[in-house]
Amino acid sequence: MPLTRPLNHALNHALNHARRRAFAGSTAAAALLLSGCGADIATDGKKSEKTTVNRCGEPVEYTVPKRTVAYEGGSADKLFSLGLTKHVYGYVMPPANPPVSESPWASEYAKVKKLSDDLLNKELVVDAKADFVVAGWNSGFSDQRGITPEILDKLRIQSFMHTESCYNYPKYAEKKAPFEALYTDLERLGKIFKAKEKAKKVVDGLREREQAVASKAPRGKRVPVFLYDSGTDQPFTAGNQVPPDDIIKKAGGKNVFSNLDQRWTQVNWESVTKAEPEVVIILDYGDKPAKKKIDFLKKSPQTRELPAVKKNNFFILDYNEGISGPRNIDGLEKFGKYLRDLER
């Protein structure tokens, strides 16, 4: 997501991440995730009825949307996984994001409009005659850019925020573990669109896959893992409020910065060195591919002696597996296998 990476990533990981998918989705992922593709589901109940659902910590009344605008892959994936394509008017996909043709829901993306390859803005939403906007706080919705749920409320345009991004939402903050935030979003969207049964099936399936990985996680001392997003003078990494923390934890590792009660955040190389990570997760995105990041880590005097770097223990995590969305569980399954293989 454009805007200068150091500035905006400090605000929010999603404003300028964009990663190419480094691996194909697992067979198990395809079986579950594609179940929502190709066939829109019928929503239950009368569409005129209002439903009260939390938007972060704020109870909000919703009517079933007909012209949804989704910002970025995580938002669209959640909707498509629930079989809600017919309720989606279009999506906004910043240029650094992976191509939608690589998505498990590529056929669903093809059925709706690509509205912009820039950041979300109020004018675009109004021009689209949208009645519902799905995005994250500070990644899509932004005080600085003049598009917030409060502003859209005044325009009588409904909005929904990823629970994972509610950690520092003004007045109505909400804090959940990242995977629980994902499941909460799917359940809340299911209520808004009168598709609770479908949401339950999707969430149950994702939970089952999560638990399957956790049950096979290596026992004993957890492998220390450093997530490297970007940055040369100072690295950006994952605190405990974003999906990679749960990916690392459920797979049997330990995020060396899991003590940071933050989302995507900046640290210093001294703290990375002190943590002595045995594995480095590289977040892969288009404007700075994983290979360049690995080359930097191997050459920099601050990192080339890290255990993970000396052993060449690098795992590449795709952008859409790292932001809040159903593909988090794809990333979990792949990283779980990586740790199990590493142990042998």
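I start with a term: buried means under 20% relative accessible area, exposed over 50%, and partly exposed in between, with a 1.4 Å probe and protein chains only. By that rule, 58% of the 344 residues of the protein count as buried.

I note that this is a predicted model, where local features need pLDDT of at least 70, side-chain atom pairs count only at pLDDT 80 or more, and totals for chains, interfaces and linings use all residues. Residues are numbered from 1 along each chain as its sequence is written, and side-chain values use heavy atoms, leaving out hydrogens and water.

Next I looked up contacts (heavy atoms within 4.5 Å). Of those between residues at least 6 apart in sequence, 71% join residues at least 24 apart.

On a 1 Å grid over the protein atoms alone, a cavity is a set of points where a 1.4 Å probe fits but cannot get out, while a pocket is an open set with protein on both sides within 12 Å along at least five of seven lines; lining residues have an atom within 4 Å of a point. Grid points are joined across faces, edges and corners, and a volume is the space filled by probe spheres set on the points.

How big is the largest pocket? I found a volume of about 230 Å³. Its lining includes Arg 55, Trp 137 and Lys 171.

Last, I checked for cavities: the structure holds two of 30 Å³ or more.
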